[in-house]
Amino acid sequence: MISIKHQVIKVGIGDLKTVTAPSRISTAGLGSCVAVILYHPSLKTAGLIHIMLPDSSLSRTQSYNPGKFADTGIKELIERLGFPPSRLRAKIAGGAQMFQYESFEDTMRIGPRNIDAVRIQLQLFQIPITGEDVGGCSGRTIEFDPSSCKLYIRTIKVGESII
Amino acid sequence: MIYKNNITPALFDQLTEAGNIGAGNAATSLSAILGKKIEMKVPSVKMVSFDEMIDLAGGPEKEVAGIFLRIDGEIKGSMFFILSLPQAEACVRLMTDNPSFSIYTTPLSKIGFSALQEIGNILSGSYLSAFSDFTGISLFPTVPSLCIDMAGAIISQGLFEVSQAGDQAIVIDTVLSSIGKKEILSIEAQFFVLPDPDSYDRLFESLREIQ
């Protein structure tokens, strides 16, 4: 599935980066984290954030990596791309619940909370979600191709899909 | 981050020693369960970024069996016990005396699931009781939970607490392995202990007292 013809920009956990075709952008091993891809369909430019937590109000430090949180990450990515939000489209993936266990409730619910937070932020900027693969209980590795605007998703249990 | 300045190399050494004693006890338990000699490498205590933490477990996409539990008591934290799939399979085969057990069947058989969960239970219990005796901090494990998937997806779930307090975590990393000749069923397992940042003060205070 994943072509090695083009350069692939890798985004780490809690990080954000941008890319222009023909390069692609990817992030690996998404669990409860949510990846948001914002792209400009005709200018073939995209950015990816690997969000760990729903809201920057959870941060106990003054300075932090904006990509870690849904609210600060999406805002920062829009600024980095430099296009009006109305031109952007979004694809999202991740937010799984890896462990089924009730006693660490807060920790376990983090996937669904991340998904909700991402939807709220995207709605705030009125960026439509054109594709999503969220929830479930599988880890995901994803790769976005800005020239076709396709998102390739790989899981161990379910296999590969394209949205 | 406050803890960066307060932690002296001597305290890191103390923490390594606590990890050493915990893992030593866990190695003894593992050896009793599997009926094999188990040795451990000296643990390393590191301050790592989240990406580095996942790399310690083999990289974000590596398929592993991960047993995760929370540490509760006077200090809180997360604990992981990570096995590669062939090694998880070998463990279950030894425990259940079933040489045809396969870890690659989906869904995983109930017996395989509970055997691995039980290993997590016993090892974390013995690790933490020794850790607790050494540091004088009372702590206990919650019921472990098993997941077979990508290492990145498994470990990031345990970063929930630390990620709120900064971009780095203190991790006690230990490797246990079976010794002897090149055996078919060689075991190598990895332990991660990640104290919650809120517990750093209490943890290092106790370590200072025993210095």
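Trainee: Which residue stands opposite T155(A) in β10(A)?

Mentor: In this predicted model, T155(A) of chain A faces G159(A) in β10(A). A hairpin of three residues joins β9(A) to β10(A).

Trainee: What makes β9(A) and β10(A) count as paired?

Mentor: Pairing requires at least two bridges between the strands. Strand β10 (residues 159-162) of chain A and β9(A) have four bridges, in the antiparallel sense, and therefore they count as paired.

Trainee: How do you know that β8(A) and β9(A) pair?

Mentor: The requirement is again at least two bridges. Strand β8 (residues 140-145) and strand β9 (residues 150-155) of chain A are joined over six bridges in the antiparallel sense, so they pair. D145(A) stands opposite K150(A) in β9(A). Four residues lie between the strands of this hairpin, and C149(A) takes a positive phi near 60°.

Trainee: Why is α4(B) called roughly perpendicular to α5(B)?

Mentor: Helix α4 (residues 85-96) and helix α5 (residues 110-135) of chain B pack at an angle of about 95°, with axes 10 Å apart. Angles of 65 to 115 degrees count as roughly perpendicular, so α4(B) is roughly perpendicular to α5(B).

Trainee: Which residues make the contact between α4(B) and α5(B)?

Mentor: From α4(B) come A88(B), C91(B), V92(B), M95(B) and T96(B), while α5(B) contributes I111(B), G112(B), A115(B), L116(B), E118(B) and I119(B).

Trainee: How do the residues of that contact divide into nonpolar, polar and charged?

Mentor: Eight residues of the contact of α4(B) with α5(B) are nonpolar, two are polar and one is charged.

Terms used
Residues are numbered from 1 along each chain as its sequence is written. Chains are lettered from A and ligands numbered from 1 in the order in which they are written. This is a predicted model: local features need pLDDT of at least 70, side-chain atom pairs count only at pLDDT 80 or more; totals for chains, interfaces and linings use all residues. Side-chain values use heavy atoms; hydrogens and water are left out. Axes are lines fitted to C-alpha atoms, for helices over the stretch in contact, and angles run from 0 to 180 degrees between N-to-C directions. Helices (H or I, at least four residues) and strands (E, at least two) are DSSP runs, numbered from the N terminus. Angles under 35 degrees count as roughly parallel, over 145 as roughly antiparallel, 65 to 115 as roughly perpendicular and the rest as oblique. Contact means heavy atoms within 4.5 Å. Ala, Val, Leu, Ile, Met, Phe, Trp, Tyr, Cys and Pro count as nonpolar, Asp, Glu, Lys and Arg as charged, and the others, Gly among them, as polar.
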